[in-house]
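Let's take a walk through this structure together, from its domains to its sheet and its nonpolar cores. Have the coordinates open as you read.

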Amino acid sequence: MKKKTTAKYILEMENVSKTFPGVKALNKIHFNLKVGEVHSLVGENGAGKSTLLKILAGAYKKDEGTITLDGNEVEMTDPKHALDLGISVIYQEFNLIPNLSIAENIFIGRAPRKHSAFVDFSKLYRDAEFFLEKIGMKKDPKTLVSELNVAEQQMVEIAKSLSFSSKIIVMDEPTSALTKSEKETLFKIIRELKSKGVSIIFISHIIEEVLEISDRVTVLRDGEYVDTLNAADTNPNEIVHMMVGRELKDFYPKTEVKRGEVVLEVKNLTKKSKYEDISFRLHEGEVLGFAGLVGSGRAQVMRGIFGIEPPDGGEVYIKEKKVKTNSLFETIKMKMGFVPEDRRKEGLILSRSVKDNINITKLSRINSYGFVKQKEEEKIANEYCKRLNIRTPNNKEITRNLSGGNQQKIVIAKWLAINPRILILDDPTRGIDVGAKNEIYLLINNLAKEKIGIILISSELPEIINISDRILVMREGKITHEFLRKEATQEKIMRHAALKN
Amino acid sequence: MDFKAIFKSTEFGIFIAFLVLCTGLSLATPNFLSVYNIFTVMKQVSFIAIISVGMTMVILTAGIDLSVGAVLGLVNVLAALFIKKFGLAPGISTALLCGMFLGFVNGIIIVKWDLPPFIVTLGMMNIARGLALVITKGWPITGLPECFGCLAEGKLLGMPVPVIIMIIVYILGYLFLSRTIWGRYIYASGGNEKATWLSGVNVNKIKILVYTITGLLSGLAGIMLASRLSQGSPITGTGYELSVIGAVVIGGTDLMGGKGSVLGSLIGASIMGVLANGLVLLNVSAFWQQVILGLVIVIAVAGGSMRRKSSLSGE
């Protein structure tokens with residue numbers, strides 16, 4: 001095959017579209033990549049980054065558009081095919097097998113053989129060492145992956161991509177779990193790869209680091225292509241503005257609610273090596289934000305209060321009445337609701353209908369002698385579909401078929417059905433589109449007006465700052481600071497969330 | 001009624017398969033469609049079908065119960081023993097309670113020790129069968145009162161009593177699964193156990209419940225078989241677990257939990273019964289019958305798996 005040496009781009013994606021039931025995930029997206037370039041893809045959750053990435057990796061099929069690789073149009077059929085074409089993807093969750101060695105992981109499924117049936121271990125380790133050296137990793141290839149930290153595991157993934165002689169490496173949020181110095185090492189490796197002619201697609205939420213490492217940046221919003229910019233000619237504000245695409249003011253509505261009595265009091269809640277000595281109060285009609293990095297323990301505290309992962313010590317009072325902290329049946333009886341972070345795994349029964357999901361918390365009340373009062377069940381489902389504007393053909397629709405935003409509203413609806421006093425929302429807007437996010441903010445406001453005490457965990461600082469009345473910042477299992485709404489800025493919160501004072 | 005939904009349902013597809021099978025057999029053998037033969041088939045099917053109601057519930061929670069045949073056997077022996085000792089009604093009810101208790105023990109162990117249902121009920125299968133042999137020293141218990149035979153051999157309104165019992169069990173099972181909160185919880189915990197628990201449903205109680213019901217129904221079938229053969233034999237019901245699981249699976253209930261119905265299981269059990277009967281009428285050897293039944297089960301599971309994949313492909 002004759003190679004076009006004039007091809008300016010190693011990869012060109014033109015007019016790529018993808019539709020899922022009920023949602024247009026990508027609409028005519030353009031993206032191209034030069035040889036030896038770092039090109040970042042930014043956008044809010046639900047903007048379409050991961051869909052685009054999965055199309056490139058062969059995990060999804062595009063509905064329309066063309067992908068040109070090295071001057072030839074290609075059609076990725078499956079992940080293996082994409083890999084053969086020289087495209088490696090390093091996902092946030094690594095595809096490594098913990099109880100195998102580094103070398104075995106790098107060459108999994110294609111270890112060198114001798115006498116046709118036996119693994120040639122000496123060659124396996126030699127080859128692995130070669131690739132580890134390439135990225136400057138000084139580890140024995142015989143080390144088990146389970147003994148490595150996150151940064152080292154990531155390096156193994158990179159070495160694995162290189163061993164496929166990939167020309168394009170996609171890194172999905174590679175820095176999210178790294179410390180500062182580990183990040184520096186990663187950036188050094190990226191620059192080295194670049195100089196060797198490897199092209200890199202970089203995905204990250206942290207705009208500053210995107211600008212630091214990239215040559216160019218492409219912005220996506222709600223599945224639409226916005227623009228591609230030279231990193232040198234732009235600044236974080238411009239990019240954020242493009243990502244959000246509207247004035248932030250009305251995106252985060254906030255109505256002031258006069259706060260009422262204390263509805264929840266937590267005293268000295270402790271769980272070994274997760275969090276310690278957590279104390280706070282939540283008032284009626286108050287939105288209490290919990291900020292902190294992933295792993296700061298904020299989610300664990302909430303799971304402790306609700307009774308999913310009971311704490312070792314401390315007390316929880318609801319309306320001044322002490323609650324047992326080891327049973328979620330108890331806390332639910334005291335009218336506490338919990339919207340978990342992973343709605344598909346923990347929030348919904350995807351194979352059941354909208355109606356069944358909304359009513360699951362309510363069945364124990366709407367029955368006579370165990371027989372479900374079907375009319376009432378129907379009424380409740382319709383009422384909440386209307387009230388929360390859940391877009392579904394009817395209440396019998398299987399939950400799996402709805403969009404992320406509508407699914408999340410169903411999880412919230414099922415807790416509203418118990419008339420909660422307290423509602424804990426663990427990252428409620430994760431992975432849902434911008435429109436639905438806004439609706440959830442409005443809903444939080446309305447619930448606060450109805451005197452429900454709300455705890456909001458979120459990784460998105462603008463969300464926390466604009467929606468909460470009060471913000472508690474957590475770091476390494478402890479509350480490090482309390483802000484009132486007007487005092488809080490992203491920078492101040494970050495300082496308390498990330499830095500040792 | 002939403003006819004479109006009915007046509008699209010799994011049960012409808014299986015029912016069509018059942019009709020095709022019946023039509024084929026009635027064309028191939030003139031004896032198939034006689035009232036006598038149909039009642040014979042239904043009577044044979046009833047024992048498997050009754051236990052299938054419980055098994056459907058167990059499989060809906062993504063569990064499995066391998067002990068049904070052995071529990072049936074043990075209760076079969078106990079019923080004979082108790083009836084001889086305490087009289088008819090007390091004997092039957094005590095034996096039923098024993099079946100229920102064995103199922104309850106299955107459930108408690110699965111839930112409290114968090115063990116896989118496959119292993120726990122495999123253990124129970126051996127224990128129950130072993131106990132039946134220990135109690136009888138391997139010999140059948142005979143000399144049961146004559147009126148006890150009515151339970152399996154009698155007729156009511158022209159219908160064999162086992163068939164009537166089967167119909168009642170199915171109506172109750174259907175209402176239980178589709179109309180009560182426990183039915184809702186069974187489907188929910190099979191669909192997503194964690195999300196169901198996090199919604200405040202005591203999933204453990206639901207699991208104990210389904211194994212207890214299955215134990216009870218296995219016991220019921222055991223007593224009916226004791227009546228039919230007018231003896232308690234420790235080897236009764238050997239291999240029943242596979243027929244019952246086969247019926248439920250052919251009926252379209254998903255082994256991964258959350259999807260299925262007793263209606264499907266009834267059709268599934270009927271397909272197995274009709275097939276066995278038809279093959280006898282067609283003079284197919286008993287050895288080949290096994291092969292064909294096995295093939296039907298595999299095809300049914302493959303069909304179910306294909307359905308699942310096509311319904312997920314939209315993700």
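Chain A is divided into domain 1 (9–249), domain 2 (260–335 + 420–501) and domain 3 (350–417), with bounds that come from an automatic or database domain assignment. Residues are numbered from 1 along each chain as its sequence is written, while chains are lettered from A and ligands numbered from 1 in the order in which they are written. Please keep in mind that this is a predicted model: local features need pLDDT of at least 70, side-chain atom pairs count only at pLDDT 80 or more, and totals for chains, interfaces and linings use all residues.

How far can you trust it? The model scores ipTM 0.88 and pTM 0.78. For chain B, the mean pLDDT (the predictor's confidence in each residue, from 0 to 100) is 91, and 96% of the residues reach 70 or more. Helices here are DSSP runs of H or I with at least four residues, strands are runs of E with at least two, and both are numbered from the N terminus.

Now find the open sheet of six strands in chain A, ordered β18-β21-β22-β15-β23-β24 with mixed pairing; two strands pair if DSSP finds at least two bridges between them. Its edge strands, β18 (336–339) and β24 (478–484) of chain A, each pair on one side only. From one strand to the next, the twist averages 20°. Within this sheet, β15 (residues 287–292) and β23 (residues 470–475) of chain A pair in the parallel sense over five bridges, and A:A291 stands opposite A:V473 in β23(A).

Next come the cores, each a set of buried Ala, Val, Leu, Ile, Met, Phe, Trp, Tyr and Cys residues joined through C-beta atoms within 7 Å. A residue is buried if 20 or more other C-beta atoms lie within 10 Å of its own, exposed if 12 or fewer, and partly exposed in between, with C-beta atoms placed from the backbone. The largest nonpolar core has 163 residues, and those with the most contacts inside it include A:Y384 and B:A79. Helix α11 (residues 203–229) of chain B gives the most to this core, with 15 residues. A second, separate core of 58 residues includes A:M13 and A:I239.

Key:
Axes fitted to C-alpha atoms, helices over the stretch in contact; angles between N-to-C directions.
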